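Dear colleague,

I am passing on the structure below, and after it you will find my notes on what came out of the analysis. Please read them with the coordinates open.

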Amino acid sequence: MDRWFTFLFTLFAHHFTPRHNAEVRLLKAQIKILRDRVPSARIIPSVEEKAELVRLGAICGHDVGELMEVVKPATYRRWLDRSEKGDVPQNVGRPRITQEIRGLVIKLSKENVLWGYRVTVQRPLVQ
């Protein structure tokens, strides 16, 4: 019974492995086409996208050197090391300024004209 199961499993695996490899090559070719059309050479994934890539990489045993197309394999390994240490991923860049602070800056610039640079606020067109 065990031999039949092994035989059937091997036959099943040999039948679907070439198709799976072709699907992976097709997906990688599509990624290459899209990367060529992106104006920036740098793609910055969000925190959720990083977590998803690390989760999918774990399924592959984190051996994703040839599979990783969006970021460099070294970047993936850095994310993996940080996640193993328990670090929480953060978004890249400086946080946006709140509308309250923007309003305060505009108010101060209007009240103190002699401070230097004159701020012009663009107003939406009224129809």
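This is a predicted model: local features need pLDDT of at least 70, side-chain atom pairs count only at pLDDT 80 or more; totals for chains, interfaces and linings use all residues.

A pocket here is an open set of points, on a 1 Å grid over the protein atoms alone, where a 1.4 Å probe fits, with protein on both sides within 12 Å along at least five of seven lines, and its lining residues have an atom within 4 Å of a point; a volume is the space filled by probe spheres set on the points, which are joined across faces, edges and corners.

Residues are numbered from 1 along each chain as its sequence is written, and side-chain values use heavy atoms, with hydrogens and water left out.

The second largest pocket holds about 450 Å³ of space. Among its 14 lining residues, Ile31, Leu53, Leu56, Leu67 and Met68 are the closest to its centre, and the largest share of the lining, 5 residues, comes from α1, a helix in the DSSP sense (an H or I run of at least four residues, numbered from the N terminus).

The largest pocket has a volume of about 560 Å³, and of the 24 residues that line this pocket, Pro45, Lys50, Thr75, Arg78 and Trp79 lie closest to the centre. Here the largest share, 5 residues, is given by α3.

As for confidence, the protein chain has a mean pLDDT of 78, with 85% of its residues at 70 or more; the mean is lowest in helix α1 (residues 2-37), at 74, and highest in helix α4 (residues 99-111), at 88.

Best regards

Definitions and conventions
pLDDT is the predictor's confidence in each residue, from 0 to 100. Helices (H or I, at least four residues) and strands (E, at least two) are DSSP runs, numbered from the N terminus.
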